[in-house]
Amino acid sequence: MNYIELINRFWELDEQWQFSCCETRLYFYLVKTANRLGWADNWTHSDDRTSANVGVSLNTMKTARNRLSQIGMIKFFPGGKGQKDKTRYQILTPKLTPNDIPRFIPLSISSRFKFYQTCLN
């Protein structure tokens with residue numbers, strides 16, 4: 001999958017998951033980083049640097065990172081507490097899955113009749 005396909009897939013998934021500003025910014029920061037590194041299969045990055053570059057607190061970045069991981073957009077392996085123990089990231093090819101909650105629930109025939117009757121009155 002190339003850069004444009006990842007961007008398009010992100011916006012398709014956004015229609016279902018409604019990503020927060022932080023999740024969006026973090027994802028595109030990670031995609032930019034992967035691109036800058038020549039699309040290495042995975043790479044390391046410190047949590048402090050990532051949160052600073054994304055412009056959010058460390059806890060907010062970790063919450064966004066966890067959600068992106070749960071959805072299947074990224075994979076990460078957290079580092080330790082030391083400066084040399086950085087988080088390892090990988091961009092995944094996100095799968096499109098139907099939303100668990102339908103956006104439109106069709107009315108039954110009797111409900112439609114009542115609705116139309118109300119509109120006519």
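**Close-up 1. E12 and R9 form a salt bridge.** The closest N and O atoms are 3.9 Å apart; a salt bridge is a side-chain nitrogen of Lys or Arg within 4 Å of a carboxyl oxygen of Asp or Glu. The model is predicted: local features need pLDDT of at least 70, side-chain atom pairs count only at pLDDT 80 or more, and totals for chains, interfaces and linings use all residues. Residues are numbered from 1 along each chain as its sequence is written, and side-chain values use heavy atoms, with hydrogens and water left out. E12 and R9 both sit in helix 1 (residues 3-17), three residues apart, about one turn of the helix. Helices (H or I, at least four residues) and strands (E, at least two) are DSSP runs, numbered from the N terminus. E12 is partly exposed, at 37% relative accessible area. Buried means under 20%, exposed over 50%, and partly exposed in between (1.4 Å probe, protein chains only).

**Close-up 2. R67 forms a salt bridge with E23.** Their closest N and O atoms are 2.6 Å apart. R67 belongs to helix 4 (residues 58-71) and E23 to helix 2 (residues 21-36), so the pair ties together parts 44 residues apart in sequence. R67 is partly exposed at 23% relative accessibility; E23 is buried at 6%.

**Close-up 3. R65 forms a salt bridge with D47.** Here the closest N and O atoms are 2.8 Å apart. The pair links distant parts of the chain, R65 in helix 4 and D47 in helix 3, 18 residues apart. R65 is buried, with 3% relative accessible area. D47 is buried too, with 17%. The whole structure holds three salt bridges.

**Close-up 4. Three strands form an open antiparallel sheet in the order 1-3-2.** Strand 1 (43-45) and strand 2 (74-77) are the edges, each pairing on one side only. Pairing requires at least two DSSP bridges between two strands. The twist averages 35° from one strand to the next. Three bridges join strand 1 to strand 3. H45 has T87 of strand 3 as its bridge partner. Helix 3 (residues 47-54) lies across strands 1 and 3, at about 75° to strand 1. Axes are lines fitted to C-alpha atoms, for helices over the stretch in contact (heavy atoms within 4.5 Å); angles run from 0 to 180 degrees between N-to-C directions.

Close-up 5. A disulfide needs two cysteine sulfur atoms within 2.5 Å, and the structure holds zero. C21 is exposed at 71% relative accessibility, whereas C22 is buried at 12%.
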